[in-house]
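Here is a friendly walk through the fold you have on screen. Keep the structure open and turn it as you read.

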Amino acid sequence: MAPELPESEIRRVVRHQMRERALPTIGSTIPPGRRASGGTRCVVCGFDITAGRNECEVGGLWANETCAVIWRQESDRLS
Ligand SMILES: [Zn+2]
């Protein structure tokens with residue numbers, strides 16, 4: 001099982017990355033997650049997305065579904 005950050009830690013990373021302009025803000029709703037087949041890396045937390053977990057494509061970038069949801073919430077807070 002791949003390491004997965006607790007929600008508070010993901011939130012901290014997302015805020016930091018958006019401040020550094022390493023992540024764009026998400027202006028639209030995130031698409032529904034799909035079951036990952038492996039081989040993608042989460043743009044938010046930097047971990048490989050384990051096959052069988054849910055992943056979301058956000059503007060051509062891949063993220064764990066959990067990370068994408070928090071990313072979206074934090075985008076709303078900024079706008
Ligand atoms: Zn992630």
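Predicted model: local features only at pLDDT ≥ 70, side-chain atom pairs only at ≥ 80, totals over all residues.

## A word on strands

## The overall picture

The protein has 2 helices and 3 strands. Read from the N terminus, these elements come in the order α-β-β-β-α.

How does the radius of gyration of the protein agree with that of a compact globule? For 79 residues, such a globule would have a value near 12 Å, and the protein has 12 Å, so the two agree. Along the principal axes, the C-alpha atoms fill a box of roughly 35 × 25 × 15 Å. Of the 79 residues, 28% count as buried. Among the contacts with a separation of 6 or more, 44% are between residues 24 or more positions apart.

## The sheet

The 3 strands make an open sheet in the order β1-β2-β3, with antiparallel pairing.

Now look at the pairings one by one. β1 and β2 are joined in the antiparallel sense over 2 bridges, and here R35 has N54 in β2 as its bridge partner. Helix α2, residues 65-78, packs on the sheet and touches β2 and β3. The direction of α2 makes about 105° with that of β3.

## The hairpin

Strand β2 (residues 54-58) and strand β3 (residues 61-64) run antiparallel and are joined by 4 bridges. Within this pairing, E55 stands opposite N64 in β3.

Together β2 and β3 form a hairpin, with 2 residues between them. Which residue in the turn has a positive phi? That is G59, at about 55°.

## A closer look at S28

S28 is found in the loop between α1 (7-19) and β1 (34-35). Is S28 buried or exposed? S28 has 9 other C-beta atoms within 10 Å, and a residue is called exposed at 12 or fewer, so S28 is exposed.

S28 and S75 are 47 residues apart along the chain, and their C-alpha atoms are separated by 9.7 Å.

Notes. Residues numbered from 1 in each chain as written. Buried ≥ 20, exposed ≤ 12 C-beta atoms within 10 Å, placed from the backbone. Pairing = 2+ DSSP bridges. Rg over C-alpha atoms; globule rule 2.2 N^0.38 Å. Contact = placed C-beta atoms within 7 Å. Axes fitted to C-alpha atoms, helices over the stretch in contact; angles between N-to-C directions.
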